[in-house]
Amino acid sequence: SNLNSFSEATPIIKFLDLAADLKFVDFKIVSRWDSPTLLAFLLNVFNSFVILVALLVGPWNGVLPRHQFFSDWNIDIGGMPFSLTEIEQCLLRHASSSSNVWFWNTFVAPKSYPPSDPRYSLCLRYCEPRINFVLNWGSISGTQDLFVFDPKTIEDDLETLTSKYLDSVVRVKMSKKLVHLPKVIDWYQRDFGGSSRKILEYIAKYLGHQKGTDLSSMLEKNVQVTIKYERLL
């Protein structure tokens, strides 16, 4: 019985050991990484850290409120503490738009790191809209995939996972001129161009045949499409 328990726990122990090894990351080496390597690293760290916190304290919509889950727990990267909120907002979204939720931006969101800060070497220097669809927040509103990204294949993987996620959650009701989109697009509209039309044009290219055809047809005919954003679950 004890041997079986140890065997079942071994993958978790290995996972915790790998998480602990992040404290040995050298920021000087990171500063020389290319963009695909840095992006893959940050996505893998974020998604793994979500699993780690969930293992330790349970899911955020159960035991802990969302803010505590993402802000109260830190992981050591290169000798410096990072919360999930800091990894997402300061590193992955460094060059992306801030949330359009006033309360979040004013009272919750952490400040960006200046170039003089050693943590700046971990910041992604360009806007990557597809991160909105591959970050696993541990909720049913986000992606259900737990994917390990490889710098060599990350571009194709982002395209595949973005298409898979959007095609599963976006609803196009052509007869009602209505499109249902995930809430994350509402929060970060400027990542997708800001205007309703640019958002829909971005989304259309990732939808399956029928949905994509219907949405593209409405856009080509300049139909006034209503967007409804689903609430976060």
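Two strands are said to pair if DSSP finds at least two bridges between them. The model described here is predicted. Its secondary structure comes to 10 helices and 5 strands. The radius of gyration is 19 Å, close to the 17 Å that the globule rule gives for 233 residues, so the protein is as compact as a globular protein of that length.

**Overall dimensions and surface**
- Along the principal axes, the C-alpha atoms fill a box of roughly 60 × 50 × 35 Å.
- Of the 233 residues, 44% count as buried.
- The protein exposes about 12,500 Å², and carbon and sulfur atoms supply 56% of that area.
- Among contacts between residues at least 6 apart in sequence, 69% join residues at least 24 apart.

**The sheet**
- Three strands form an open sheet in the order E3-E4-E5, with mixed pairing.
- Strand E3 (171–173) and strand E5 stand at the edges with a single partner strand each, so one side of each is left without a neighbour in the sheet.
- From one strand to the next, the twist averages 20°.
- E3 and E4 run antiparallel and are joined by 3 bridges.
- The bridge partner of Arg171 is His180, in E4.

**Helix H9**
- H9 lies across E4 and E5, and runs at about 75° to E4.
- The buried residues of H9 (residues 196–204) are Ile199, Leu200, Tyr202, Ile203 and Ala204.
- The cover over these buried residues includes helices H7 (154–169), H8 (183–187) and H10 (209–220), together with strands E4 (178–181) and E5 (226–229).

Key. Residues numbered from 1 in each chain as written. Predicted model: local features only at pLDDT ≥ 70, side-chain atom pairs only at ≥ 80, totals over all residues. Heavy atoms only, no water. Buried < 20%, exposed > 50% of the residue type's maximum accessible area, 1.4 Å probe, protein only. Helix = DSSP H or I, 4+ residues; strand = E, 2+ residues; numbered from the N terminus. Contact = heavy atoms within 4.5 Å. Axes fitted to C-alpha atoms, helices over the stretch in contact; angles between N-to-C directions. Rg over C-alpha atoms; globule rule 2.2 N^0.38 Å. Areas by Shrake-Rupley, 256 points an atom, 1.4 Å probe, with all protein chains shown as cover.
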